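Me: I would like to learn how to read a protein model. Can we go through one together, feature by feature?

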Amino acid sequence: MTVNYRRTSLDRDTTFYIPKVECFACNDSGIVTNGDNAINRFIPDYDRDRNGKINGGQDLAIICHCKAAYGNSDEENESHGYRDSLGNIRTTDSIRGEPQALGISLEKEKIRLIHTERKASWEKTAKDINETRQKIAKGEKYETPYYIQVVKEELTKVGDMFSFPTEKAIVESMSDKQEGL
Ligand SMILES: [Zn+2]
């Protein structure tokens with residue numbers, strides 16, 4: 001049997017959906033994501049190096065408070081999930097054989113705030129985009145939402161994305177030598 005993963009073209013062209021998750025703090029993974037730096041409001045240097053540069057994964061994972069963090073308690077094997085049934089974060093053996101927490105906790109209210117704000121922001125985006133798409137479908141005039149303009153502008157700079165500083169330095173040092181000759 002082939003899986004039908006296509007939406008009807010009308011639906012695809014006119015409807016933008018927000019992610020189908022229950023928890024926008026962790027996207028139902030149990031680990032709070034920080035792609036929008038929401039965690040840095042509470043822990044300014046979280047996943048950042050000494051110079052403040054983002055360095056994802058350098059700090060311990062922040063375990064969510066939603067049910068995704070608990071796994072399925074109906075299962076016989078209760079080792080699933082990042083928290084035990086009491087809400088404590090589970091531990092694992094470190095390479096030195098000592099128990100090590102799977103992650104850390106942030107207060108529930110903070111995680112709830114991240115969830116609520118992200119959800120609201122997705123809903124706003126969906127509303128804007130769906131309005132724009134409907135205007136396009138009807139042939140009406142529309143204004144591109146500002147954040148799409150921002151992304152478009154960012155994409156024009158994408159050409160620089162693959163010019164690594166080291167390569168630039170090598171090329172520059174080589175041309176310096178040539179000039180010296
Ligand atoms: Zn969650």
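Reply: Start with helix length. The expected span of a helix is 1.5 Å times one less than its number of residues. This model is predicted, and in it helix α2 (residues 108–138) has 31 residues and reaches 45 Å from its first C-alpha to its last, close to the 45 Å expected.

Me: Which residues of α2 are buried, and what follows the helix?

Reply: A residue counts as buried if 20 or more other C-beta atoms lie within 10 Å of its own. In α2 the buried residues are Ile111, Ile114, His115 and Arg118. After α2 comes Gly139, with a positive phi near 75 degrees.

Me: Why is Thr14 called partly exposed?

Reply: The label lies between buried, at 20 or more neighbours, and exposed, at 12 or fewer. Thr14 is partly exposed because 14 other C-beta atoms lie within 10 Å. Thr14 is part of helix α1 (residues 9–14).

Me: What does Thr14 touch, leaving out residues up to four places away in sequence?

Reply: Thr14 touches Arg133, Gln134 and Ala137. Thr14 and Gln134 are 120 residues apart in sequence, yet 6.2 Å apart in space, C-alpha to C-alpha.

Me: In what order do the elements of the protein chain run?

Reply: From the N terminus on, the order is α-β-β-β-β-α-α-α, which comes to four helices and four strands.

Me: Where is confidence lowest, and where is it highest?

Reply: Where pLDDT is low, the predicted coordinates should not be read in detail. Here the lowest mean, 61, belongs to helix α4 (residues 165–180), and the highest, 96, to strand β1 (residues 62–63). The protein chain averages a pLDDT of 84.

Definitions and conventions: Residues are numbered from 1 along each chain as its sequence is written. This is a predicted model: local features need pLDDT of at least 70, side-chain atom pairs count only at pLDDT 80 or more; totals for chains, interfaces and linings use all residues. pLDDT is the predictor's confidence in each residue, from 0 to 100. Helices (H or I, at least four residues) and strands (E, at least two) are DSSP runs, numbered from the N terminus. Two residues are in contact if their C-beta atoms, placed from the backbone, lie within 7 Å.
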